[in-house]
Amino acid sequence: MTVDSALRSPMMHSPSTKDVKALRFIEEMTRNVDFVQKKVIREILSRNSDTEYLKRFGLKGFTDRKTFKTKVPVVTYDDLKPEIQRIANGDRSMILSSYPITEFLTSSGTSAGERKLMPTIDEDMDRRQLLYSLLMPVMNLYVPGLDKGKALYFLFVKTESKTPGGLPARPVLTSYYKSEQFKRRPYDPYNVYTSPNEAILCPDSSQSMYTQMLCGLLMRHEVLRLGAVFASGLLRAIGFLQTNWKELADDISTGTLSSRISDPAIKESMSKILTKPDQELADFITSVCGQDNSWEGIITKIWPNTKYLDVIVTGAMAQYIPMLEYYSGGLPMACTMYASSESYFGINLKPMCKPSEVSYTIMPNMAYFEFLPHHEVPTEKSELVELADVEVGKEYELVITTYAGLNRYRVGDILQVTGFYNSAPQFKFVRRKNVLLSIESDKTDEAELQSAVENASLLLGEQGTRVIEYTSYAETKTIPGHYVIYWELLVKDQTNPPNDEVMARCCLEMEESLNSVYRQSRVADKSIGPLEIRVVKNGTFEELMDYAISRGASINQYKVPRCVSFTPIMELLDSRVVSTHFSPALPHWSPERRR
Ligand code: AMP
């Protein structure tokens, strides 16, 4: 086996020993998918055989896939909630895992409006680290010379809390950035970041962003790649530069750090980076950023050596591709991996491909994977398909069994098989099940939107006005993006329609009703702007139906779409708007979970 054949791509340079090792590992995993999966499930079931959960289903020490599939049911988060709650409350017995649950990772998926809590064990960090270690060796096959400069990545930690039983509950990336593995990572010329750890680890997102941007500007010629985890994050950074470039240029011109930075660790680390005035750089930033109408290609103007953007633009993030193209002058966008709080899944073996062609290859050592054929209503007898047996072209819902104790857990992602690399299937991320609206990590489903509309419309009740139809739209052309809700109203007293104050309260009430990830994004992360209601003329939704029917929809089966994005429909709706209203304040949010 040669590494050259490993990724079947034109080799652009000879890989380092470290890269060869990683590429060999990928080769080994992708050639032996079924064998590795069999081994993984055996390991998980034998070490967890004494857990309350597996005992309940009478597994009696069996570790083969057939018995596991016959006895243990496919579940959702809500099925596991009682067990998760007990662990969160401090029960240390072997409920889901025989290894101690060390923390909960807070997923951006929600249950009853709160983030889901995913159990994790100590060694999971090594599994995540392993997946990360495969990314650069693959990238190096396509983009040479990345060791000759730095990466400007906007990375952030988020607020964390503790469960009643004292376990930390925080997002997976926060857990990773705060880990010793990340903080004390050995020097690797392929992974040198412009951002100091102190800036990444600062809990105040504004100080963190300011410092990371400042460092990126100071080292602008060294930057070879630019990124954030998701596209929304990178666009937020551009938005931040738009509003703060003057202050940043001022710091560079004087060689002193803005008084807005109060974090002592950042101040200390910046004293070694911002050491002297650089008027030339300050003037350059002023001239480039000061051209109000010309931010097209700003990324390549400021960071001329950037070879690609490292950012996820698949799934809900695809809506940001046009804006990223605009700001970057069409730089390639690399989607390198597919992961979640439950488990990390896989990597993109062709990271420089077009966003529409991205496929992820699941690494069979990460967890045990099963696939529920999509479009089939699952029944007791539903056959789940093994990773090695999925079929090209078909769509499946991902179901995983993890070392930390999730058994046959429905992740909620719909994937389509696009092909195979060796015997490993490759998947296009199709969408997240049931998600209607998403700006960044928030995921709002139809039921949540419905209940938010219902709650808000109660405020109209006094005047006898009712919401007769509604739909929604994720407005992402502005930074930050925001939710737009179109309302058609039945106004009882035409002489007294709801005024702007009432409508603004409706906007805020909707926000109060949305899930905690939405509210956190609004309040703490400021990554979502105020919710907007656009009131449309009476009869607009009739017109919407006529339009759908003219395009072939059946009258009998027509349902009002609860989320729209198709341009002609947007144009129709927007041309019928009679008034627009914005949420006047922030909704409530605190890191503590609602009891
Ligand atoms: P979280 O719930 O916060 O752990 O986020 C994990 C979810 O983010 C996954 O289940 C996917 O729905 C989504 N996600 C993660 N990576 C990707 C990717 N590369 N492309 C599209 N969606 C992704």
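Let me begin with S521, which is part of helix α19, residues 516-523. Please bear in mind that the model is predicted. Is S521 buried or exposed? S521 counts as buried because its relative accessible area is 1%, and the limit for that term is under 20%. A polar atom of the S521 side chain is 2.8 Å from the backbone oxygen of V517. Setting aside residues up to four places away in sequence, S521 touches E440, S441, K526, S527 and I528.

I turn now to the ligand. Which of the 16 residues around the ligand come nearest? They are S108, T314, M337, S341 and D413. For three of these residues I can give distances between polar atoms. In the side chain of T314, an N or O atom is 2.6 Å from a nitrogen atom of the ligand. D413 faces an oxygen atom of the ligand, at 2.7 Å from an N or O atom in the D413 side chain.

How much of the ligand does the protein cover? On its own the ligand has 500 Å² of accessible area, and the protein covers 89% of this. By residue type, the shell holds 7 nonpolar, 7 polar and 2 charged residues.

Next, the domains. The domain assignment gives domain 1 as 17-122 + 339-432, domain 2 as 148-306 and domain 3 as 435-582. Between the C-alpha centres of domain 1 and domain 2 the distance is 34 Å. Where these two domains meet, 15 residues of domain 1 are in contact with 12 residues of domain 2.

I shall close with three further residues. S208 sits in helix α11, which spans residues 205-218. With a relative accessible area of 0%, S208 is buried. What does S208 touch, if residues up to four places away in sequence are not counted? The list is L155, F156, A199, I200 and C202.

S93, by comparison, is placed in a loop, between α6 (77-88) and β1. The relative accessible area of S93 is 40%, so this residue is described as partly exposed. The side chain of S93 makes a polar contact of 2.7 Å with the side chain of D91. Along the chain, S93 and Y396 are 303 residues apart, and their C-alpha atoms are separated by 34 Å.

Finally, F566 also belongs to a loop, the one between α20 (540-550) and α21 (567-575). F566 is partly exposed, at a relative accessible area of 39%. Leaving out neighbours within four places in sequence, F566 is in contact with Y547 and R551. How far apart in space are F566 and Y473? From C-alpha to C-alpha the distance is 9.9 Å, while in sequence the two are 93 residues apart.

Thank you for your attention.

Conventions: Residues numbered from 1 in each chain as written. Predicted model: local features only at pLDDT ≥ 70, side-chain atom pairs only at ≥ 80, totals over all residues. Heavy atoms only, no water. Near = heavy atom within 4 Å. Polar contact = N/O pair within 3.5 Å; in protein donor to acceptor, adjacent residues only side chain to side chain. Areas by Shrake-Rupley, 256 points an atom, 1.4 Å probe, with all protein chains shown as cover. Nonpolar A, V, L, I, M, F, W, Y, C, P; charged D, E, K, R; others polar. Helix = DSSP H or I, 4+ residues; strand = E, 2+ residues; numbered from the N terminus. Buried < 20%, exposed > 50% of the residue type's maximum accessible area, 1.4 Å probe, protein only. Domains from an automatic or database assignment. Contact = heavy atoms within 4.5 Å.
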